[in-house]
Amino acid sequence: MNNRELLRSGIDSFGIDSDELMVDRLKRYHKTLVEWNEKMNLTGIVEEREVFIKHFLDSISAVKGGYIQDGMSLIDVGTGAGFPGIPLKVCLENIELTLLDSLNKRINFLKTVGEELELDKIEYIHGRAEDFAKEERYREKFDIATARAVAGLPVLLELCVPYIKVGGYFVCLKGPSADMELEESKTAMRVLGVEFTEKIDIELPELGLSHNILVFEKKSRTPGKYPRKAGKPTKNPIK
Ligand code: SAM
């Protein structure tokens, strides 16, 4: 199977009808990623097939379970080089995507990716998740929040849940420590107003890699004091 076929069959396996435009855009994304990675640290993986599996298909797997639907508003917190936000936007073009990261260089890279891939309806925010969640414009305004590789779950819940509307979902990509992190997050879930919905196992092609998606439903409004000041959630997680 060549790289194009690998991408298409991977996307199809997550329940999205893949097309050639998606593959073209993901190929352009890979090219831009590799070019910019020479000037700044964006990814440790550069080989095309590996990027397709470990970054792109891994990101797109977040649609499994059906919580993320086209047309929804989605904020990707700590998006870095755009994961999982950009691959999701490539596959679900009408998502209203907000990409947030505290490193401005990465935000500049993402703006270039948005232009190169001709994607619209993307908002780019340079800043700390703790700060923007306090703003009326962003607080409890999103159908979905996503995050991959940003922080341990109790911290991540504090950074992401304030952005989600009541009735919306937090879709979080996690590795093998998911069960332990869930166990540590009971207080954070209760305090922030979410309930754990389900854990979805994901198998990625070829490399024998598996990970989990943790899904949480926002059941009630988050008290105004959360998130606490920038840095506090990491220093002193809700336990
Ligand atoms: N989500 C991407 C991925 O899966 O490849 C990036 C992961 S990278 C390890 C973590 C990213 O989260 C970094 O780009 C960092 O700048 C960002 N980040 C960490 N804490 C943050 C915060 N409090 N607010 C906004 N961004 C944050």
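This is a predicted model: local features need pLDDT of at least 70, side-chain atom pairs count only at pLDDT 80 or more; totals for chains, interfaces and linings use all residues.
Helix 1 covers residues 3–13 and helix 2 covers residues 20–37; their axes come within 10 Å and cross at roughly 120°. Angles from 65 to 115 degrees would count as roughly perpendicular and those over 145 as roughly antiparallel; helix 1 and helix 2 are therefore oblique to each other. The crossing of these two helices, helix 1 and helix 2, is right-handed. On the side of helix 1 the contact is formed by R4, L7, R8 and I11, which meet E20, M22, V23, D24, L26 and K27 of helix 2. Sorted by class, this contact of helix 1 with helix 2 comprises five nonpolar and five charged residues, with no polar residue.

Helix 1 also packs against helix 3. The axes of helix 1 and helix 3 come within 10 Å, and they cross at roughly 15°. Because angles under 35 degrees count as roughly parallel, helix 1 and helix 3 are described as roughly parallel to each other. The crossing of helix 1 and helix 3 is right-handed. Helix 1 contributes N3, L6, L7, G10 and I11 to the contact, while helix 3 contributes E48, R49, F52, I53, F56, L57 and I60. The residues of the contact of helix 1 with helix 3 divide into eight nonpolar, two polar and two charged. L7 and I11 of helix 1 take part in the contact with helix 2, and L7 and I11 are also listed in the contact with helix 3.

The loop between helix 2 and helix 3, the latter spanning 48–60, holds I45. Is I45 buried or exposed? With a relative accessibility of 17%, I45 counts as buried, since the cut-off for burial is under 20%. Apart from residues up to four places away in sequence, I45 touches E50, V51, K54 and H55. The C-alpha atoms of I45 and V63 are 23 Å apart in space, with a separation of 18 residues in sequence.

Leaving out residues up to four places away in sequence, F109 touches Y29, T32, L33, W36, L42 and A81.

Most residues other than glycine have a negative phi, and most peptide bonds are trans. The peptide bond from F83 to P84, however, is cis, with omega near 5°. P84 lies in the loop between strand 1 (73–77) and helix 4 (85–91). Y226 and P227 are likewise joined by a cis peptide bond, for which omega is about -5°. P227 belongs to the loop between strand 7 (210–218) and helix 10 (232–235).

Two glutamates have positive phi values. E118, with phi near 55°, is placed in the loop between helix 5 (104–116) and strand 3 (122–126). E140, with a phi of about 50°, lies in the loop between helix 6 (129–132) and strand 4 (142–148). E118 has a relative accessibility of 58% and therefore counts as exposed, whereas E140 has a relative accessible area of 12% and is buried.

Strand 4 also contains R148. Beyond its neighbours within four places in sequence, R148 is in contact with K54, H55, D58, G78, F83, P84 and L173. Among these partners are F83 and P84, the two residues joined by the cis peptide bond. K54 and H55, two further partners of R148, are also touched by I45. R148 and Y67 are 81 residues apart along the chain, and their C-alpha atoms are separated by 16 Å.

The buried residues are L153, P154, V155, L156, L157, E158, L159 and C160.

Technical notes. Residues are numbered from 1 along each chain as its sequence is written. Side-chain values use heavy atoms; hydrogens and water are left out. Contact means heavy atoms within 4.5 Å. Axes are lines fitted to C-alpha atoms, for helices over the stretch in contact, and angles run from 0 to 180 degrees between N-to-C directions. Helices (H or I, at least four residues) and strands (E, at least two) are DSSP runs, numbered from the N terminus. A crossing is left-handed if the near helix is turned anticlockwise from the far one by less than a right angle, and right-handed if clockwise. Ala, Val, Leu, Ile, Met, Phe, Trp, Tyr, Cys and Pro count as nonpolar, Asp, Glu, Lys and Arg as charged, and the others, Gly among them, as polar. Buried means under 20% relative accessible area, exposed over 50%, partly exposed in between (1.4 Å probe, protein chains only).
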